[in-house]
Amino acid sequence: MDNVYSQMLITAKNAGINVVGKHKAAKLLALCCAIGDEPFVFNKKLYEDVMYAADVTGIKHMNYPLEEITSLINKYYNDLQIGTADWVQEINEEYKTKFPKKMESDGREKLIWPSMLI
């Protein structure tokens, strides 16, 4: 994956074409909220899609996010907390990742991601 994909996303956004739907954007952003950014920086396409999702939903650049998107992010985040996030399998297949459908908590309501650095 090189800059061609990044340029395609920029061109699509400028043309008003949404290449990442609102549900997929909310799922990607919920995963990022739940586990932090560490696993996203090691996968170029995943990173680009998350940044694109943040941009088109109004989350990036300190904008006011779309209300519908914040509701969806909360829904998908809650799925991750209670273990009903069956949609994670689709993300794993598309991006060749290994996100679990339930995140473990550290007891302080923060979800834990097994760091690659440990």
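Reply: From the N terminus on, the elements run α-α-α-α-α-β-β, which makes five helices and two strands. Helices here are DSSP runs of H or I with at least four residues, strands are runs of E with at least two, and both are numbered from the N terminus. The model is predicted: local features need pLDDT of at least 70 and side-chain atom pairs count only at pLDDT 80 or more, while totals for chains, interfaces and linings use all residues. Residues are numbered from 1 along each chain as its sequence is written, and side-chain values use heavy atoms, leaving out hydrogens and water.

Of the 118 residues, 39% count as buried; buried means under 20% relative accessible area, exposed over 50%, and partly exposed in between, for a 1.4 Å probe and protein chains only. The largest nonpolar core has 30 residues. Such a core is a set of buried Ala, Val, Leu, Ile, Met, Phe, Trp, Tyr and Cys residues joined through side-chain atoms within 4.5 Å. The elements that give it two or more residues are α1, α2, α3 (44–56), α4 (67–82) and α5, and the largest share, eight residues, comes from α2. Those with the most contacts inside the core are L31, F40, L46, L80, W87, I91 and F99.

One of these, W87, is in contact with K27, L31, Y76, D79 and L80 once neighbours within four places in sequence are set aside; contact means heavy atoms within 4.5 Å. Not counting residues up to four places away in sequence, V88 touches L80, F99, P100 and K101. V88 and P100 are twelve residues apart in sequence, and their C-alpha atoms are 7.0 Å apart in space. Across the whole protein, among contacts between residues at least 6 apart in sequence, 56% join residues at least 24 apart.

K96 presents another picture: this residue is in the loop between α5 (88–95) and β1 (104–105) and is exposed, with a relative accessible area of 73%. The phi of K96 is near 60°, a positive value in a residue other than glycine. Most residues other than glycine have a negative phi.

The cysteines also deserve attention. No disulfide, that is, a pair of cysteine sulfur atoms within 2.5 Å, is found in a search of the whole structure. For C32, the closest cysteine sulfur is that of C33, at 6.3 Å, so the two sulfurs are too far apart for a bond. C32 is partly exposed, with a relative accessible area of 22%, whereas C33 is exposed, at 54%.

V19, in the loop between α1 (3–14) and α2 (22–35), is partly exposed, at 35% relative accessibility.
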